[in-house]
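Biologist: Hi, could you walk me through this model? I'd like to hear about the overall build, the pockets and the rings.
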Amino acid sequence: MLKPGDWVLLLDPKARRYLVRLKEGGRFGHHVGGVTHEQIMAAGHGGRVRTTKDAWLWVLRPSLEDYVLLMKRGATVTYPKDAAAIVLMLDLAPGERVLEAGSGSGALALFLARAVGPEGEVVSYERRADFLARARENVEAWGVRNVDFRHGDLAEAALEPEGFDGVALDVMEPWKVLSTAVRALKTGRSLVLYLPNITQVVQAVREAEGQPLLLRRVVEVAHRDWDVRPPVAHPHFRQVGHTAFLAQFTKVRTVRGQAQHEEEGAGEPQSGQDEDG
């Protein structure tokens, strides 16, 4: 049963999405007509409501992806496709601690918080007070309470050595905070950089050469939506193109020379069979 304070996703006849937080006496206005929040609550998740112009709106439960893409923004959000890949690269589990720098609008913190669960913790550093306030508001509005937002520069933070199970850096010049981040990361665990352009990736890899870090991979996550209306199917005309590069490093016990790359092909899965099969 829906109640005031709950989030809903309204879907119009053209599949356009609207994120609404319900409140007593509230009303949702739309070009195909309006509906009251009481009507939405009565319909419930999976139901439909009829507007004042005799159109139907689906009432759906918003996913974390929906929320991140439709919530209020300060900084540009980390796209869900990238956030999901970062969680995968960090190999996070419930109860673990993860460090983030660059809170932005709180998008990545939400994905990290879900991965470590209520018993885990996300510590998020942000230099800009306005971004931090927006990120905190977005995270708390979604009902998440295991993110510790801190206003300041990660480079100047006094953190417990090897106190985190993963590190995610979404800052313009990550090499300036790399020493602090690496000290705080447990040996054998991963650090991921979120970088908009390949020039930043090259510089970051160069700067990481003096750290006990092993470069595992650099990836760009592709995502392509399709419009399927039998018997016709084609890619959506509007697509999300390039968003960022993700560079994954693992903390090792010693600095391995100048180039922190694995040997060519070392990261590829092997079948375990010889050439004769």
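Modeller: Happy to; we can start with the overall build and then go on to pockets, rings and a helix. This is a predicted model, where local features need pLDDT of at least 70 and side-chain atom pairs count only at pLDDT 80 or more, while totals for chains, interfaces and linings use all residues. Residues are numbered from 1 along each chain as its sequence is written, and side-chain values use heavy atoms, with hydrogens and water left out.

Biologist: Thanks! How many helices and strands does the protein have?
Modeller: The protein has seven helices and 15 strands. Here helices (H or I, at least four residues) and strands (E, at least two) are DSSP runs, numbered from the N terminus. Along the principal axes, the C-alpha atoms fill a box of roughly 70 × 55 × 30 Å.

Biologist: What percentage of the residues is buried?
Modeller: Of the 277 residues, 47% are buried. Buried means under 20% relative accessible area, exposed over 50%, and partly exposed in between, with a 1.4 Å probe and protein chains only.

Biologist: On to pockets. What is the volume of the largest one?
Modeller: About 850 Å³. A pocket is an open set of points on a 1 Å grid over the protein atoms alone, where a 1.4 Å probe fits and protein lies on both sides within 12 Å along at least five of seven lines. The volume is the space filled by probe spheres set on the points, which are joined across faces, edges and corners.

Biologist: And which residues lie nearest its centre?
Modeller: Arg17, Asp225, His236, Arg238 and Val240, out of 18 lining residues; lining residues have an atom within 4 Å of a point. By class, the lining has seven nonpolar, three polar and eight charged residues. Ala, Val, Leu, Ile, Met, Phe, Trp, Tyr, Cys and Pro count as nonpolar, Asp, Glu, Lys and Arg as charged, and the others, Gly among them, as polar.

Biologist: Which helix gives the largest share of that lining?
Modeller: That's α2, with three residues. Both α2 (64-70) and α3 (80-90) supply at least two each. Domain 1 (6-62) and domain 2 (66-224 + 234-251) each give at least three residues to the lining, with bounds from an automatic or database domain assignment.

Biologist: What about the second largest pocket?
Modeller: Its volume is about 550 Å³. The lining has 23 residues, and Gly102, Glu126, Asp170, Val171 and Met172 are the closest to the centre.

Biologist: Switching to rings: how many aromatic pairs are there?
Modeller: There are three. Rings of Phe, Tyr and Trp (its six-membered ring) pair if their centres lie within 6.5 Å; planes under 30 degrees apart count as stacked, over 60 as edge-to-face and the rest as tilted. Tyr67 and Trp142 are stacked because their ring centres are 4.4 Å apart and their planes are at 25 degrees. Tyr67 is in helix α2 and Trp142 in the loop between α5 (129-141) and β9 (147-151), 75 residues apart.

Biologist: Are those two buried or exposed?
Modeller: Tyr67 and Trp142 are both buried. Ring pairs also link them with Trp7 into a cluster.

Biologist: Last topic: how many residues of helix α4 are buried?
Modeller: Nine of the ten residues in α4 (107-116) are buried, including Leu108, Phe111 and Val116. After α4 comes Gly117, with a positive phi near 75 degrees.
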